[in-house]
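The following exercises are meant to be worked through with the sequence and the coordinates side by side.

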Amino acid sequence: MSTLQNKIDFSLIITANGANPNGDPLDGNRPRINFDGFGEISDVCIKRKIRNRLQDMGEKIFVQSDDKCDDGCDSLRSRAESCAALKAVSSGKNTDREKYAQTACAEWIDVRSFGQVFAFKNDVVSVGVRGPVSICQAVSVSPVDVVSMQITKSVNSESGKEGKASDTMGMKHRVDFGMYVVHGSINCQLAEKTGFSDEDAEKIKQALMTLFDNDSSSARPEGSMEVCRLYWWKHDCKTPKNSTAKVRRSLHITLKDGVKKPSSFYDYDIMLDELDGVTPEVYDLM
């Protein structure tokens with residue numbers, strides 16, 4: 001497979017309806033919001049979902065979540081040590097870092113996409129890989145309302161307690177409605193270093209379009225998170241004249257006249273400026 005020859009920018013529009021898109025552990029797992037009340041989803045959360053989708057598609061993933069582990073490895077170290085190809089190029093202090101990185105990239109699609117740091121306790125050599133796929137945190141188009149509700153379990157966790165104990169109480173949080181935009185890019189120069197190809201870019205695209213498949217949970221019931229639209233700008237060269245910032249500014253999302261409190265994707269007007277030299281592929285997914 002040849003490496004990527006055309007820079008790619010993309011924007012993904014997603015909605016949350018009665019869901020917690022990304023809980024903040026420093027705020028009681030309430031949906032993330034910034035100081036202005038706009039909802040946020042971390043880039044780490046989005047990459048986790050992309051990795052899960054790629055894994056569902058049969059790709060080999062290095063950074064697997066515990067509940068989706070498919071190779072019996074219980075840590076990143078054990079996964080790296082179980083790889084015969086990596087063992088073959090590892091030689092302690094004399095390890096060729098570049099060859100080690102190339103081998104890891106060839107083995108796992110998430111390493112050649114997002115990069116990875118191979119640094120484990122007591123190892124004499126660490127290897128860093130910079131990946132070509134960069135993703136920004138998602139931010140909602142409008143401020144979101146976070147709703148909290150108290151819940152109870154029907155049974156105590158421990159025996160010997162009469163009635164409802166304190167451990168039967170809990171809280172659930174949700175966003176009634178929020179529309180978020182995810183921006184990302186794929187850099188050709190870094191793709192050359194990791195071996196990221198056009199075929200890999202297509203797999204990333206498919207993962208984005210099906211981001212919430214097999215992702216339901218108590219915090220995100222089935223159907224509460226939806227991918228609405230994907231804009232995919234494939235430029236005509238490695239270093240195009242339209243910068244990523246300019247491409248992102250070409251997408252305008254505003255509330256329709258008369259709408260005070262949005263409750264659906266259709267409450268917004270979406271406009272796209274024409275850019276000289278590049279026209280996006282637009283995928284309507286609703």
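Two residues are in contact when heavy atoms lie within 4.5 Å, and helices (H or I, at least four residues) and strands (E, at least two) are DSSP runs numbered from the N terminus. The model is a predicted one, in which local features need pLDDT of at least 70 and side-chain atom pairs count only at pLDDT 80 or more, while totals for chains, interfaces and linings use all residues. Residues are numbered from 1 along each chain as its sequence is written, and side-chain values use heavy atoms, with hydrogens and water left out.

**Exercise 1.** Determine which residues of helix 4 are buried and what covers them.

Step 1: apply the burial cut-offs, by which buried means under 20% relative accessible area, exposed over 50%, and partly exposed in between, with a 1.4 Å probe and protein chains only. In helix 4 (residues 97–107), the buried residues are Y100, A101, T103, A104 and C105.

Step 2: look for what packs over them. The cover includes helix 2 (76–81), helix 3 (84–89) and helix 5 (109–114), together with strand 5 (115–118), strand 6 (127–130) and helix 6 (188–194).

**Exercise 2.** Find the aromatic pairs and classify the pair F10 and W232 and the pair F265 and Y266.

Step 1: rings of Phe, Tyr and Trp (its six-membered ring) pair if their centres lie within 6.5 Å, and planes under 30 degrees apart count as stacked, over 60 as edge-to-face and the rest as tilted. This rule gives 6 aromatic pairs.

Step 2: the ring centres of F10 and W232 are 5.5 Å apart with planes at 15°, so this pair is stacked. Because F10 lies in strand 1 (residues 8–19) and W232 in strand 11 (residues 225–234), the pair ties together parts that are 222 residues apart in sequence. Both F10 and W232 are buried.

Step 3: the rings of F265 and Y266 have centres 5.5 Å apart and planes at 85°, so they are edge-to-face. F265 is buried, at 8% relative accessible area, whereas Y266, at 53%, counts as exposed.

Step 4: ring pairs also join F62, Y100, W108 and F118 into a cluster.
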